[in-house]
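Please walk me through this structure.

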Number of protein chains: 2
Amino acid sequence: MRSDWIAPRRGQANVTQMHYARQGVITEEMDFVARRENLPADLIRDEVARGRMIIPANINHTNLEPMAIGIASKCKVNANIGASPNASNIDEEVEKLKLAVKYGADTVMDLSTGGGNLDEIRTAIINASPVPIGTVPVYQALESVHGRIEKLSADDFLHVIEKHCEQGVDYQTIHAGLLIEHLPKVKSRITGIVSRGGGIIAQWMLYHHKQNPLYTHFRDIIEIFKRYDCSFSLGDSLRPGCLHDASDDAQLSELKTLGQLTRVAWEHDVQVMVEGPGHVPMDQIEFNVRKQMEECSEAPFYVLGPLVTDIAPGYDHITSAIGAAMAGWYGTAMLCYVTPKEHLGLPNAEDVRNGLIAYKIAAHAADIARHRPGARDRDDELSRARYAFDWNKQFDLSLDPERAREYHDETLPADIYKTAEFCSMCGPKHCPMQTKITEEDLTELEKFLEKDSALA
Amino acid sequence: MRSDWIAPRRGQANVTQMHYARQGVITEEMDFVARRENLPADLIRDEVARGRMIIPANINHTNLEPMAIGIASKCKVNANIGASPNASNIDEEVEKLKLAVKYGADTVMDLSTGGGNLDEIRTAIINASPVPIGTVPVYQALESVHGRIEKLSADDFLHVIEKHCEQGVDYQTIHAGLLIEHLPKVKSRITGIVSRGGGIIAQWMLYHHKQNPLYTHFRDIIEIFKRYDCSFSLGDSLRPGCLHDASDDAQLSELKTLGQLTRVAWEHDVQVMVEGPGHVPMDQIEFNVRKQMEECSEAPFYVLGPLVTDIAPGYDHITSAIGAAMAGWYGTAMLCYVTPKEHLGLPNAEDVRNGLIAYKIAAHAADIARHRPGARDRDDELSRARYAFDWNKQFDLSLDPERAREYHDETLPADIYKTAEFCSMCGPKHCPMQTKITEEDLTELEKFLEKDSALA
């Protein structure tokens, strides 16, 4: 689909959606997004031009079905996949991608750190993906110097970043906001630095006593991104790894730098979103969202969770879906999912499913709370089906129809129960939904009450 | 334990904790609660006297370990169990009770509607329970007239209510706030009345065109409760059953009546908490909590969820844990759990576990967000263990240690991995927690940065 759209743009010095938007052009991608979001195309263009919305759409990702990330559009969900050194291969990763898309992932990040040829895995994923693909180039940069952090040079980073662009990666996490002067601020933390990419950059800076090369070469990255329309996902290397560390000086200092970098990228019409925490108590979530908007001039916010407590490993899809729903309500544009295996191990297919559904719930609840037009329609339709005991319709309208059906059928599998006026929860005689008060009953009652009050 | 405490009170006309508190007495129960909550005993007494806290503690539930429900104490979680007409028996219900207590239920409601002798099941549960037991007497009242709603009389209700008191039930859901004049207000709803007890009362009123007998005989119930110290849990018959119906006139009209009834009960020193919704969009949760405090003079609020979207049957422990966490943060005193089987079938043991942990997460996150002293200590301790790769300690500090261990061991079962500086999520070389920046590194860096800025 996109090949035809992109052909005339090839060879231009700047092919970003933001660049076209700022020239007043409504691209095919913007038009596509407008229809998906049921929003006016010129609103999409204006939001992209303003930097408040991004359409991550590398010109080399031609099978992409464009989507938007921004406060004006529906809240989005990202799923992470990726091979780890001793697990997974190309086929498995493509399967995980398909699973993520099936359960509603709006974008997918390939966080592969090993387990095969990283370039081949990435290419296979992009070729199979209708959704934007994001990556974290630091991992491969480190692999290119055989894991010896001190050997990394700015050129190593730029080389990998450009390679990902060529392959069609739609956005890359760039840890450019972590400055050497931020490092002493982690002293009072319980969990220090918990960003993998950020940790690598920190070690590099400690070894060389030099400024972050991704910061000093930020304009070089911009020049690369311009030619492919790869979007920045500015990494938050100092995101808190536990409640204790949330909203501290380290985190907020980096956020300020991320805001400065956002505006530098915008000077070159390059699209930006900004990554956020992490682990945050409920009462600090609104502050975190507002602060990001303020510091980063309303560039879309893309948060990981946040987890609202640290004491539930095994259930962190839930601890974080609570924070994610609230963050989405306050205006966060995209939520990065967390699976039940977080902090414990590599997620399997069932974990991906559970993580994604938890986040689809969070994003949808956020859309409803933000009063997006039509956001509640599906809820109302399902509720009507529920009240009418139309079980099959109720399942069909569910976020995970197979799961809903499976749970129902666990106790009442026979077909006849698909129209029964009860389930096994309350049994045949006690379902409250059987208490249907008819219009006639109520009209009669109203007449009675009128007469009654006239007598009083 | 309580037998000795209660002996001298027997035969007194009013044995409620509120009655003693208002006389300035700190009962053994208040003292016990004060130690559990790490709060001054006179604060507990004052809150109970004020009606802002209840200690549900029937004098006939002697094996009870007293606990408190109120905004001054930690947020609590209730689990529902109960036999349904074609499932479960006494042993199974006692097993469910033990399971609920194991996973942290602060109170348990026996919602049995059949499947055996209701009195025997209830007695077995109370005898086995260290936590307060709540019931909904309407179900048994209906059973006593063989399910023929129109046959129910006020005496039938009072008879069952007193029976439950005699058996040692600590609180009963009383649907006294649903008035006949509220019924026409459900006309515009999608899901009408979704409270089982409320539905029964509504049908009774429609049939007889008479006022709710639980309302007209409210003082008779008070007289019974006084003698046993059974607490009111004022039922919200008109709680919304879907987002569309949330915060509507029907719900709020009943809430106003619940507030009036609260104050009537307080005139007789009888303890009260008030039940709340249900299904509520995130942006209406704070309103619902504040409104209840206002209408009900700050009597403890006890909510079911609320679910923040209707489209995820099979995952309603998550849709509702989001709402519950927020409700707890805004000041709700107790959260009634919802299991993954909600709307689909009778929960099994695994569902009870998943529902309870989701709600322990919600209540704990609420305690943290409300800045209760020490609420975050366990989070900090677990985070320290996590950063130190002390896996066993991390598991032990978890809400569900078995689950955390199981997930970790799924990929790395060998003992040696319990001290490994990684898990299978990132593999041996990429765990961000390995990036430990030492004090020495930072001191050296700070010196360097000082010199550097002096040069600038």
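A:Arg50 and A:Glu298 pair through their side chains in a salt bridge, 2.7 Å from N to O. The term covers a side-chain nitrogen of Lys or Arg within 4 Å of a carboxyl oxygen of Asp or Glu. A:Arg50 sits in helix H4 (residues 41-50) of chain A, and A:Glu298 in the loop between helix H13 (285-295) and strand S9 (301-304) of chain A, so the bridge ties together parts that are 248 residues apart in sequence. Helices (H or I, at least four residues) and strands (E, at least two) are DSSP runs, numbered from the N terminus. A:Arg50 has 33% relative accessibility and so counts as partly exposed. A:Glu298, at 30%, also counts as partly exposed. Here buried means under 20% relative accessible area, exposed over 50%, and partly exposed in between (1.4 Å probe, protein chains only).

A word on the basis. The model is predicted: local features need pLDDT of at least 70, side-chain atom pairs count only at pLDDT 80 or more, and totals for chains, interfaces and linings use all residues. Residues are numbered from 1 along each chain as its sequence is written, chains are lettered from A and ligands numbered from 1 in the order in which they are written, and side-chain values use heavy atoms, with hydrogens and water left out.

Over all chains, the structure holds 74 salt bridges. Side chains of opposite charge can pair when their charged atoms come close. A:Glu350 is partly exposed, at 34% relative accessibility. A:Arg403 is buried, at 6%. Both belong to a network of salt bridges that links A:Glu350, A:Arg353, A:Asp400, A:Arg403 and A:Glu406.

Another bridge joins A:Asp236 to A:Arg239, with the closest N and O atoms 3.4 Å apart. Both of these residues are buried.

Now to the interface. How many residues does each chain bring to the contact? Chain A gives 107 and chain B gives 107, where contact means heavy atoms within 4.5 Å. About 9,600 Å² is buried between the two chains, 69% of it from carbon and sulfur atoms. Buried area is the accessible area (1.4 Å probe) that two parts lose on being put together, summed over both. On the chain B side, B:Ile311, B:Tyr315 and B:Leu344 lose the most area to chain A, together 8% of what that side buries.

Between chain B and chain A there are 4 salt bridges. One pairs the side chains of B:Glu446 and A:Lys187 at 3.1 Å, N to O. Elements that give two or more residues to the chain B side include helix H9 (196-208), helix H14 (316-330) and helix H19 (439-455) of chain B. That side divides into 55 nonpolar, 30 polar and 22 charged residues. Ala, Val, Leu, Ile, Met, Phe, Trp, Tyr, Cys and Pro count as nonpolar, Asp, Glu, Lys and Arg as charged, and the others, Gly among them, as polar.

How are the copies related? A rotation of 180° with 0.0 Å of shift along its axis superposes chain B on chain A (RMSD 0.0 Å). That is the relation of a two-fold axis. In chain B, the C-alpha nearest the axis belongs to B:Ile322, 2.4 Å away. The superposition is by least squares on the C-alpha atoms of residues with pLDDT of at least 70 in both copies. Of the interface residues of chain B, 100% are also interface residues in chain A, so the copies meet through the same surface.
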